[in-house]
Amino acid sequence: MATSQEGSTNNTQEENNIKDLGGKAAIEKLRTLAEKSESCFFCTNIKTGVPLSVRPMAIQQVDDEGNIWFMSMKDSHKNDEISTDPFTHLLFQAGAHAGFVNIYGISEISRDQAKIDELWSPFIKTWFQGGKDDPNITLIKVIPSEGYYWDTKHGTAVAFLKMAASVITGKTMDDSVEGNLEVD
């Protein structure tokens, strides 16, 4: 997922803040930021030519392969949309100023009871009144094909201090880091 650096503050920084991640490092960054987010904007109807559909969704898991798991009702609009157009866009925000992730991928819908049992928590009963054996529960697995992240290198406290120092010195001293996530 390429982004243009033209006109970016990245060009005025003394230290490199572009760091592409691949394999296990990409999966760990995705997992860390997704777990901090707890939910994301789940976008469907990407390729249909009609306005895309966006809704908040609770993340159940980022597995060891980097797939992102959700639970959904069998008769939901998103399941209908995925069956017509499996292209999915996920947008995460872990904090007010850091921890952003943009994932584009392909969704699959399944009814794998063993995976439902693994992901089940009592809190999920809010949406699935029949419990983990509710026949209306489906799983959505998003298999990432492209991803990009924006985060801080040293946490929000250091980022704030660098921003304050930047104001005083007139130099760009942003603590940000960003890059492609190559999960596969």
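Reader: Why is aspartate 151 called buried?

Author: In this predicted model, aspartate 151 has a relative accessibility of 11%, and buried means under 20% relative accessible area, exposed over 50%, partly exposed in between (1.4 Å probe, protein chains only). Aspartate 151 therefore counts as buried. Its place is in strand β8; strands (E, at least two residues) and helices (H or I, at least four) are DSSP runs, numbered from the N terminus.

Reader: What makes the link between the side chains of aspartate 151 and lysine 29 a polar contact?

Author: The distance is 2.9 Å. A polar contact is a pair of N or O atoms within 3.5 Å; within protein, one must be able to donate a hydrogen and the other to accept it, and residues adjacent in sequence count only if both atoms are side-chain atoms.

Reader: How do you know that phenylalanine 123 is exposed?

Author: Phenylalanine 123 has a relative accessible area of 59%, so it falls under the term exposed.

Reader: Why is the aromatic pair of phenylalanine 123 and tryptophan 127 called edge-to-face?

Author: Rings of Phe, Tyr and Trp (its six-membered ring) pair if their centres lie within 6.5 Å; planes under 30 degrees apart count as stacked, over 60 as edge-to-face and the rest as tilted. Here the centres are 5.4 Å apart and the planes stand at 80°, so the pair is edge-to-face. A search of the whole structure finds 4 aromatic pairs.

Reader: What makes lysine 47 sit over the ring of phenylalanine 87?

Author: The rule asks for NZ of Lys or CZ of Arg within 6 Å of the ring centre and within 35 degrees of the ring normal. The charged end of lysine 47 is 5.0 Å from the centre of that ring. Lysine 115 lies over the face of tryptophan 69, at 4.7 Å from the ring centre.

Reader: How do you know that the buried residues of helix α2 lie on the same side?

Author: The buried residues of α2 (residues 77-84) are Lys78, Asn79, Glu81 and Ile82. They cover an arc of only 160° around the axis, which puts them on the same side of α2; the arc is that of the directions from the helix axis to the C-beta atoms. The face turned away from the buried side carries the exposed residues His77, Ser83 and Thr84.

Reader: Which values rest on which atoms and residues?

Author: Local features need pLDDT of at least 70, side-chain atom pairs count only at pLDDT 80 or more, and totals for chains, interfaces and linings use all residues. Side-chain values use heavy atoms, with hydrogens and water left out, and residues are numbered from 1 along each chain as its sequence is written.
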